[in-house]
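Work through the exercises below with the structure open. Each task is followed by a solution in steps.

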Amino acid sequence: MTTVEELSEFAHLAPLGASELRLLAQAGRDVSYPAGHRLITEGEAADRCWLIRTGCVLLDAHVPGQGDVTVQTLGGGDLLGWSWLVPPYRWRFGARVTDPVAAIEFDSATLAALADADPVFGRTLTTMLFEALLDRLQATRARLLDLYRNPAESCRCVPSPGHRR
């Protein structure tokens, strides 16, 4: 079983108080996945989320004619999966394990029931997940800007050694 001490190691959970961490600890279970495991398939039912302890997960999006394109890399300390919060409760991205992952998994129905039973917990949990979402959105934006910027804009002429101006 997941402990409050283990959960308190995750920076994303800092807004949660001790009683809220206890609720969350009761809902979590330890899981592990080998490299190559497809953790999330885009479009399928979103019914859980994870706190990644160790390992590496690639988020990807299916692009017709190009297959699955990596959008972001997640590792220890990151949150994975918030599509369960928003109808139609389908994964918006895919996720594949590249380095063996140890994580804490939460069932979305359990989290939703806890949030309904304690609105303060529910609001804190939702705010925390949306903060993670905004971080992910900014990281994706930066990646897209890097991929699609005008090469002329990023050209930096560095004088070779011995060059005089």
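**Exercise 1. Place Pro88 in the chain and describe the peptide bond that joins Pro87 and Pro88.**

Solution. Step one: in this predicted model, Pro88 sits in the loop between β5 (79–80) and β6. Step two: the bond joining Pro87 and Pro88 is a cis peptide bond, with omega of about 10°. Step three: turn to Tyr89, which lies in the loop between β5 and β6. Phi of Tyr89 is near 60°, a positive value in a residue other than glycine. Most peptide bonds are trans, and most residues other than glycine have a negative phi.

**Exercise 2. Determine how helix α2 and helix α3 are oriented to each other, and which residues make the contact.**

Solution. Step one: take helix α2 as residues 18–27 and helix α3 as residues 108–117; their axes come within 10 Å and cross at roughly 155°. Step two: angles over 145 degrees count as roughly antiparallel, so α2 is roughly antiparallel to α3. Step three: the handedness of the α2 and α3 crossing is right-handed. Step four: α2 contributes Leu23, Leu24 and Ala27 to the contact, and α3 contributes Thr110, Leu111 and Leu114. Step five: sorted by class, the residues of this contact of α2 with α3 are five nonpolar, one polar and no charged.

**Exercise 3. State the volume of the largest pocket and describe its lining.**

Solution. Step one: the largest pocket holds about 250 Å³ of space. Step two: 17 residues line the largest pocket, and those nearest its centre are Leu59, Trp82, Phe93, Leu133 and Arg136. Step three: at least two lining residues come from each of β4 (67–75), β6 (94–107) and α4 (119–148). Of the elements, α4 gives the most to this lining, with four residues. Step four: the lining of the largest pocket comprises ten nonpolar, five polar and two charged residues.

**Exercise 4. How many cavities of 30 Å³ or more are there, and what lines the largest cavity?**

Solution. Step one: the count is one cavity of 30 Å³ or more. Step two: the space in the largest cavity is about 100 Å³. Step three: 14 residues line the largest cavity, with Cys49, Leu79, Phe106, Met128 and Leu129 the closest to its centre. Step four: β3 (48–63), β5 and α4 each supply at least two residues of this lining. Step five: by class, the lining of the largest cavity divides into 13 nonpolar, one polar and no charged residues. Step six: for the largest pocket, recall that the lining includes two charged residues.

Note on methods
Residues numbered from 1 in each chain as written. Predicted model: local features only at pLDDT ≥ 70, side-chain atom pairs only at ≥ 80, totals over all residues. Heavy atoms only, no water. Axes fitted to C-alpha atoms, helices over the stretch in contact; angles between N-to-C directions. Parallel < 35°, antiparallel > 145°, perpendicular 65-115°, else oblique. Left-handed = near helix turned anticlockwise from the far one by under 90°. Contact = heavy atoms within 4.5 Å. Nonpolar A, V, L, I, M, F, W, Y, C, P; charged D, E, K, R; others polar. 1 Å grid on protein atoms, 1.4 Å probe; cavity = no way out; pocket = protein on both sides within 12 Å on 5 of 7 lines; lining within 4 Å. Points joined across faces, edges and corners; volume = space filled by probe spheres on them.
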